[in-house]
There are 2 protein chains.
Amino acid sequence: MRQSQLFTRTVKELPKDETSYNAQTLIRAGFIDKVAAGVYSYLPLGKRVLDKICRVIREEMDVIGGQEILMTSLIPKEYLEATDRWENFDVLFRLKGGDNKEYALGATHEEIVTPLAKKFILSYKDLPFSVYQIQTKFRNEKRAKAGLMRGREFLMKDMYSFHTDQADLDAYYDRAVGAYNKIFQRLGLGEITYFTYAAGGTFSKYSHEFQTISDAGEDLIYVCNHCHIAINKEIIAEQSACPQCGNKELAEKKAIEVGNIFKLGTKFSGSFNVVYKDDEGHDNQAVMGCYGIGPSRVMGTIVETFHDDKGLIWPENIAPYKIHLLSLGENEAAASVYADLIAAGFEVLFDDREISAGEKFADADLIGCPYRVLVSKKTLVAASVEIKRRSDDTSSLVAIKDLMAYWK
Amino acid sequence: MRQSQLFTRTVKELPKDETSYNAQTLIRAGFIDKVAAGVYSYLPLGKRVLDKICRVIREEMDVIGGQEILMTSLIPKEYLEATDRWENFDVLFRLKGGDNKEYALGATHEEIVTPLAKKFILSYKDLPFSVYQIQTKFRNEKRAKAGLMRGREFLMKDMYSFHTDQADLDAYYDRAVGAYNKIFQRLGLGEITYFTYAAGGTFSKYSHEFQTISDAGEDLIYVCNHCHIAINKEIIAEQSACPQCGNKELAEKKAIEVGNIFKLGTKFSGSFNVVYKDDEGHDNQAVMGCYGIGPSRVMGTIVETFHDDKGLIWPENIAPYKIHLLSLGENEAAASVYADLIAAGFEVLFDDREISAGEKFADADLIGCPYRVLVSKKTLVAASVEIKRRSDDTSSLVAIKDLMAYWK
């Protein structure tokens, strides 16, 4: 992409009420735009990052057999009354249609997926299966102040699994944990993200969160460094030692909840009477699990994690572009390098604008692509470009003829 | 995909109030599920078709320089008051947040994109550009009865372009027409889709629709067969001859509006005061165009267009799977064919279920993948499979060793 064509640019003026680092910086760098508190548009650079995060999540859900669907955002009132959530779910946006029909906007989709699954579950042969979607969710938060962390409108991957019994759910749940660990590793958050024990419900002692250590976090967790697991503050009174090794020396950390998985048991299959015939012809209730992860919140978490005082530092596989090519008054030579890189399949943002070198350097640091490739009179004297990793302080000259080999 | 793993199946019971052919058939074939009138979930097969339609549209928007973004569904009241549409846009869903802030759900996005563009438009050097999104839209239709044609919640690609003047808009508008024609050709609708003159507004004599001839259509158009263009009924009184060749012998046809493009002029840039400095330093208002196409409505249109009394007949490039592989009691041999096809990069739905041959044939016809490949005792005697195109009545035996070459 030629930066002269990109309709956005880095901006200096920020919305006055924006206090979170992640939203401030993403707005400054031209990745997002604020429409209202907790309500952001994704601009071309931001959309690319979001798409890449979604792709990683989608691939790992597909690995564990998730079938992708797209449910509705409009949820009729009667579905939420069946589970007593129409009145009791405090973050619902409620609205009325022209036919006087009442809806809520989807904040979570158990009430849609369970009746849907019911239509296709007759016998034990129809189980197990899992379905997921990546969809805009709506939550009528009283205060939305943590940027992409706690939005009123945000992207969510929610998966739901259906099983004959608890043992089958347990086995799938473990596979889902594995898929989640893989996702956070691929997103560069693996080392600082902890499988965390949290409050359960009627049907399970615990739920589990994936918590990423961050000073920007709204949660407090207690980390066991032997097992790389943690306990959420909400249950630390009753569960004060590591549930895996018994370690009582846990370290208190601030963290961001980036994922949440839950054994729902028969809570929702009970409400909607999802029964299957077992191999002896008896009726049994299906057992469910649910598995959430918010791509937009993950994006905010990555921003909170990977940055310096100059701007963003994207992990390579979710950067908007791998290479930020800067021309300092040498657009013709730089365009030739650009064409070669594009032809070789690299993703390149080409700063071909007529602005000062200082502005180009500052923008490259703020936008945070992993590699900055510089073409200037000085580098061309040596038939070279200068390459600097965003995360390094030093740069090196690389001959243009050796450029493609540099990333091999 | 092994069909035994697919969580959906074809169904016989239909929602009682579903009268449209497209929704009835997509529900029967397991592509969509009805949540409320005009509100449908997309199941795995339907999601695949929808994704493929979106990919075609996205590729053609990218060709004409569209930059993909994702705007918000929640539109604060004040944005819509700025254009007098809060009160006057009758299909808006309106709702209130916990902070007492009022929003509409996005039915169209001029009120979001225009203030967004304004932030990045300073001088003529920042123009032209165009941005688009593919997003769920909401319209509070009084009656939603045509299945995917007129939904309360539906997918939309909306593009908006910004220009220095009318001539630049006119030139881009023509490129957009070309991109739209390409899209409908690629979707198999090219021949029966007409560039149609429709009512304009304050800033343009006409808007233009893309209308696909169909008995299921809600519109009436008047077709000039010399020019492959049409005139919408709403303007036929004032424009009774072909605007291109003057032909007065126009044929009345029922049609579905699959796309709509509009020269907005300064209607919205005026409301939000989007001005740029020209090369002499004078302030001018930016000129806008907008370009819509509904992927879910296109999906419904394709269903209305390509079917027979047995079910769906998908055009090859948007079929959920290219090949429907049926095993008649020969799962081992069929699994080997399946593995070979997958390894060669084909998209295959493999019916490995333990049901009757009759049910498999009926399902294959209903689901409508372009090629049915049959593995049975009889075909295996000849070391072959039987291939039948969904659109043909005759089948042919193809040796398994020659199978890959069949599609070359």
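This is a predicted model: local features need pLDDT of at least 70, side-chain atom pairs count only at pLDDT 80 or more; totals for chains, interfaces and linings use all residues.

Residues are numbered from 1 along each chain as its sequence is written, while chains are lettered from A and ligands numbered from 1 in the order in which they are written. Helices (H or I, at least four residues) and strands (E, at least two) are DSSP runs, numbered from the N terminus.

**Helix 2 of chain A and its partners**

- Start with helix 2 (residues 44-63) of chain A, which packs with helix 6 (residues 166-186) of chain A at an angle of about 155°, their axes 9 Å apart. Axes here are lines fitted to C-alpha atoms, for helices over the stretch in contact, and angles run from 0 to 180 degrees between N-to-C directions.
- That angle makes helix 2 of chain A roughly antiparallel to helix 6 of chain A. Angles under 35 degrees count as roughly parallel, over 145 as roughly antiparallel, 65 to 115 as roughly perpendicular and the rest as oblique.
- The crossing of helix 2 of chain A and helix 6 of chain A is right-handed. A crossing is left-handed if the near helix is turned anticlockwise from the far one by less than a right angle, and right-handed if clockwise.
- Helix 2 of chain A brings A:Val56, A:Ile57, A:Glu60, A:Met61 and A:Val63 to this contact, and helix 6 of chain A brings A:Ala179, A:Lys182, A:Ile183 and A:Arg186. Two residues are in contact if their C-beta atoms, placed from the backbone, lie within 7 Å.
- By class, the contact of helix 2 with helix 6 of chain A has six nonpolar, no polar and three charged residues. Ala, Val, Leu, Ile, Met, Phe, Trp, Tyr, Cys and Pro count as nonpolar, Asp, Glu, Lys and Arg as charged, and the others, Gly among them, as polar.
- Helix 2 of chain A also packs with helix 9 of chain A, at an angle of about 115° and with axes 9 Å apart. That makes helix 2 of chain A roughly perpendicular to helix 9 of chain A.
- Here A:Val49, A:Leu50, A:Ile53, A:Cys54 and A:Ile57 of helix 2 meet A:Pro295, A:Ser296, A:Val298 and A:Met299 of helix 9. This contact of helix 2 with helix 9 of chain A has eight nonpolar, one polar and no charged residues.

**Helix 1 of chain A**

- Helix 1 (residues 21-28) and helix 9 (residues 295-305) of chain A pack at an angle of about 90°, with axes 9 Å apart. That makes helix 1 of chain A roughly perpendicular to helix 9 of chain A.
- The residues in contact are A:Tyr21, A:Asn22, A:Thr25 and A:Leu26 of helix 1 and A:Gly300, A:Val303 and A:Glu304 of helix 9.
- Which residues of helix 1 of chain A are buried? They are A:Asn22, A:Ala23, A:Thr25, A:Leu26 and A:Ile27. A residue is buried if 20 or more other C-beta atoms lie within 10 Å of its own, exposed if 12 or fewer, and partly exposed in between, with C-beta atoms placed from the backbone.
- What covers these buried residues includes strand 1 (32-36), helix 2 and helix 9 of chain A.
- A:Gly30, with a positive phi near 80°, follows helix 1 of chain A.

**Where the chains meet**

- The contact takes 37 residues from chain B and 38 residues from chain A.
- On the side of chain B that touches chain A, strand 2 of chain B gives the most, with four residues.
- The residues of that side of chain B divide into 20 nonpolar, nine polar and eight charged.

**Core and buried places**

- The largest nonpolar core has 241 residues, and those with the most contacts inside it are A:Leu325, A:Cys369, B:Leu325 and B:Cys369. A nonpolar core is a set of buried Ala, Val, Leu, Ile, Met, Phe, Trp, Tyr and Cys residues joined through C-beta atoms within 7 Å.
- In strand 13 (residues 251-265) of chain A you will find A:Glu257, which is buried, with 22 other C-beta atoms within 10 Å.
- Not counting residues up to four places away in sequence, A:Glu257 touches A:Glu209, A:Gln211 and A:Asp219.
- Helix 8 (residues 295-305) of chain B is mostly covered, with 11 of its 11 residues buried.
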